[in-house]
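Q: I am new to this structure. Please take one part of it and walk me through it closely.

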Amino acid sequence: MATEEVNKPPTLPQYPEMIFAAISALDEKNGCNKSSIAKYIESQYGDLPPGHTTLLSHHLNKLKDSGELILVKNNYMRPNPDAPPKRGRGRPPKPKTSMPEDATVVGPPRPRGRPPKAKDPSLVAEKRKVSEPTGRPRGRPKKVRTDDEAEDQIPEAVVPAALAPKVTGPPRPRGRPPKVKAPFGAVGFE
């Protein structure tokens, strides 16, 4: 039995304990980086598992996420207990108010956007009277030529409507006409 106790390897403490011991033993003002923590742990505890570096990284990240360690410029340090808690960016969320258990919800939640105007029955009837068709088509009226404009344009040949070519589409395209580029003249050296 005595031989079994001698050959039994000493048990390692948990990684968070080793990390905190390394940070307090190194006692650097700006904190300790990962490599200095790893070197200290290797020097103090000789028999480490094969995945020591990945385990150390995992536990450092876990301690950082839980707030037990803070990371400043790639250096890990214990947070100052007197410092105020660090606020996140942006506006803090509103506190959730819980509804009493005996309260009942009347209807669905209010929809997004501006609520519709209240409909007064007398106003709806007046609008119907105004919107009745007057016989005119909707939109801008067609442009009508005057007699002076018709006299300025003298037709070259009068062609009956049956023989005239059919024009499809508007007489000219809408919008501003494209800019005309002047052709380059021949440049020669004499």
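A: Start with the whole chain. Buried residues make up 12% of its 190 residues. The model is a predicted one. The chain holds 6 helices and 2 strands. Read along the sequence, their pattern is α-α-α-α-β-β-α-α. Among contacts between residues at least 6 apart in sequence, 49% join residues at least 24 apart.

Begin with the core itself. The largest nonpolar core has 17 residues. Ile19, Ile37, Ile41, Leu56, Leu60 and Leu69 touch the most other members. H2, H3 and H4 each supply at least two residues of this core. H2 gives the most, with 6 residues. As a general point, nonpolar side chains in soluble globular proteins tend to be buried together.

Next, helix H3, which spans residues 34–44. Its buried residues are Ser36, Ile37, Ala38, Tyr40 and Ile41. What covers them? The cover includes helix H2 (15–26), H4 and strand S2 (75–77).

Take H2 against H3. The two helices pack at an angle of about 105 degrees, and their axes are 9 Å apart. That angle makes H2 roughly perpendicular to H3. On the H2 side, the contact is made by Met18, Ile19, Ala21, Ala22, Ile23, Ala25 and Leu26. On the H3 side, Ser36, Ile37, Tyr40 and Ile41 take part. By class, this contact of H2 with H3 has 10 nonpolar residues, 1 polar residue and no charged ones.

Then take H2 against H4. Here the packing angle is about 80 degrees, with the axes 10 Å apart. H2 and H4 are therefore roughly perpendicular to each other. H2 brings Tyr15, Pro16, Ile19 and Phe20 to the contact. H4 brings His52, Leu55, Leu56, His59, Leu60 and Leu63. By class, the contact of H2 with H4 counts 8 nonpolar residues, 2 polar residues and no charged residues.

One is Leu56. Leaving out residues up to four places away in sequence, Leu56 touches Tyr15, Ile19, Lys34, Ile37, Ala38 and Ile41. Ile19 belongs to the H2 side of the contact with H3. Ile37, Ala38 and Ile41 are among the buried residues of H3.

The other is His52. His52 sits in helix H4, residues 52–66. Is His52 buried or exposed? His52 has a relative accessible area of 5%, so it counts as buried. The cut-off for buried is under 20%. A polar contact of 2.8 Å joins the side chains of His52 and Tyr15. Again leaving out residues up to four places away in sequence, His52 touches Tyr15, Ala38, Ile41 and Glu42. Tyr15 is one of the H2 residues in the contact with H4. Ala38 and Ile41 are buried residues of H3.

Gly67 lies in the loop between H4 and strand S1 (70–72). Its relative accessibility is 39%, so Gly67 counts as partly exposed. Gly67 and Pro79 are 12 residues apart along the chain. Their C-alpha atoms are separated by 7.8 Å.

To recap the picture: H2 is roughly perpendicular to H3, and H2 is roughly perpendicular to H4.

Conventions
Residues are numbered from 1 along each chain as its sequence is written. This is a predicted model: local features need pLDDT of at least 70, side-chain atom pairs count only at pLDDT 80 or more; totals for chains, interfaces and linings use all residues. Side-chain values use heavy atoms; hydrogens and water are left out. Helices (H or I, at least four residues) and strands (E, at least two) are DSSP runs, numbered from the N terminus. Buried means under 20% relative accessible area, exposed over 50%, partly exposed in between (1.4 Å probe, protein chains only). A polar contact is a pair of N or O atoms within 3.5 Å; within protein, one must be able to donate a hydrogen and the other to accept it, and residues adjacent in sequence count only if both atoms are side-chain atoms. Contact means heavy atoms within 4.5 Å. Axes are lines fitted to C-alpha atoms, for helices over the stretch in contact, and angles run from 0 to 180 degrees between N-to-C directions. Angles under 35 degrees count as roughly parallel, over 145 as roughly antiparallel, 65 to 115 as roughly perpendicular and the rest as oblique. Ala, Val, Leu, Ile, Met, Phe, Trp, Tyr, Cys and Pro count as nonpolar, Asp, Glu, Lys and Arg as charged, and the others, Gly among them, as polar. A nonpolar core is a set of buried Ala, Val, Leu, Ile, Met, Phe, Trp, Tyr and Cys residues joined through side-chain atoms within 4.5 Å.
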